[in-house]
Amino acid sequence: MSPYRRAWIILGALTVLGFAIIEGLALASGDMDNTLSAHLRLILGLEPGKPWGIAAGLAFLGGLVWLGWHILIDRDKK
């Protein structure tokens, strides 16, 4: 296994673990304003509504669609 693959696996595992811990604590607190989705809505300007909120939400969605396309469809040909 290459060092890069090992590093990506470790980074992915730490990211998932960190998310699980923080989201689990937020859900356990019962305050849904502490979840990742609530914070993303705040950061993107969707709640409370900002003039640029819809554009930021669509840009975020576009990034997710691009990432999915890139990983599933647009593979590098060797």
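**Glu23 and helix α1**

Biologist: Glu23 is found in helix α1. Does Glu23 count as buried or exposed?
Modeller: This is a predicted model numbered from 1 along each chain as its sequence is written, and side-chain values use heavy atoms, without hydrogens or water. Local features need pLDDT of at least 70 and side-chain atom pairs 80 or more, while totals for chains, interfaces and linings use all residues. Buried means under 20% relative accessible area, exposed over 50%, partly exposed in between (1.4 Å probe, protein chains only). Glu23 has 15% relative accessibility, so Glu23 counts as buried.

Biologist: How far from Glu23 is the nearest side chain of opposite charge?
Modeller: Lys and Arg count as positive, Asp and Glu as negative; His and the chain ends are not counted. A salt bridge needs a Lys or Arg side-chain nitrogen within 4 Å of an Asp or Glu carboxyl oxygen. Buried Glu23 has none. The nearest opposite charge is Arg41, at 9.0 Å.

Biologist: Which residues does Glu23 contact beyond four places in sequence?
Modeller: Contact means heavy atoms within 4.5 Å. Neighbours within four places are left aside. That gives Thr35 and Leu36.

Biologist: What span does α1 reach, first C-alpha to last?
Modeller: Helices are DSSP runs (H or I, at least four residues), numbered from the N terminus. α1 covers residues 3-29, 27 residues. The expected span is 1.5 Å times one less than the residue count. The expected value is 39 Å, and α1 comes close to it, reaching 39 Å.

Biologist: Does Leu17 in α1 count as buried or partly exposed?
Modeller: Leu17 lies in helix α1. Its relative accessibility is 49%, so Leu17 counts as partly exposed.

Technical notes. Helix = DSSP H or I, 4+ residues; strand = E, 2+ residues; numbered from the N terminus.
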